[in-house]
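Reader: Hi! I'm new to this one. Could you walk me through it?
Author: Happy to, here it comes.

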Amino acid sequence: MQPLVLIGLVGAVAVGLLVYGLYVIITRRQTLLAERLETYANIEEEAARATAVEFRQQNPLQRLLGFLAGQGYVNRLEETLAGADIPMRPSEYVLVRLTLAVVGFVIGFFSLGYLHSGVALAVAGWFVPVIFVRVHRNRRQA
């Protein structure tokens, strides 16, 4: 074989290997990036699925409370009830507060005959559960 042909053949192989190496490097970066993005996308999908399942498990009252008061309030209330070791959902707790306020108003207004008595007992009925939960939480923490 002639030396020029041999040099040309080696040069062509070298250029081919260089092009192949660049192709592998570029596609490897894209592949790694795609794998990383897929990992985060899967995490987001799993979180979305878990949230959807949790939302479907909530009763309508819990969903309404989360919509009206905000999910942050519901979460804080859930933590407070758990800290007080009270086995009650936030929606049930708010319903108890509302019921006590209404009962207090009805008793104060119709039994005593004054509007301000009804309002005073309604306010008391609204805040009694708050005091109850705080006392239980403080006892448990102590």
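This is a predicted model: local features need pLDDT of at least 70, side-chain atom pairs count only at pLDDT 80 or more; totals for chains, interfaces and linings use all residues.

Reader: Thanks! Which helix does Ala 120 lie in?
Author: Ala 120 lies in α5. Helices (H or I, at least four residues) and strands (E, at least two) are DSSP runs, numbered from the N terminus. From Ala 120 to Phe 105 is 15 residues in sequence and 7.5 Å in space, C-alpha to C-alpha.

Reader: How many helices and strands are there in the chain?
Author: The protein chain has five helices and zero strands. Buried residues make up 17% of its 142 residues.

Reader: Which residues make up the largest nonpolar core?
Author: Eight residues: Leu 77, Leu 81, Ala 84, Ile 86, Tyr 93, Val 94, Val 130 and Val 133. At least two residues of this core come from each of α3 (71-83), α4 (90-112) and α5 (115-141). A nonpolar core is a set of buried Ala, Val, Leu, Ile, Met, Phe, Trp, Tyr and Cys residues joined through side-chain atoms within 4.5 Å.

Reader: And what does Leu 81 touch?
Author: Leaving out residues up to four places away in sequence, Leu 81 touches Ile 86, Met 88, Arg 89, Pro 90, Tyr 93 and Val 133. Contact here means heavy atoms within 4.5 Å.

Reader: Switching to α4, which residues are buried there?
Author: Pro 90, Ser 91, Tyr 93, Val 94, Arg 97, Ala 101, Gly 104 and Gly 108 are buried in α4. After α4 comes Gly 113, with a positive phi near 85°.

Reader: How far apart are the end C-alpha atoms of α4?
Author: They are 32 Å apart, which agrees with the 33 Å that its 23 residues should span at 1.5 Å a residue. The expected span is 1.5 Å times one less than the number of residues.

Reader: Nice, that helps a lot!
Author: Glad to hear it.

Note on methods: Residues are numbered from 1 along each chain as its sequence is written. Side-chain values use heavy atoms; hydrogens and water are left out. Buried means under 20% relative accessible area, exposed over 50%, partly exposed in between (1.4 Å probe, protein chains only).
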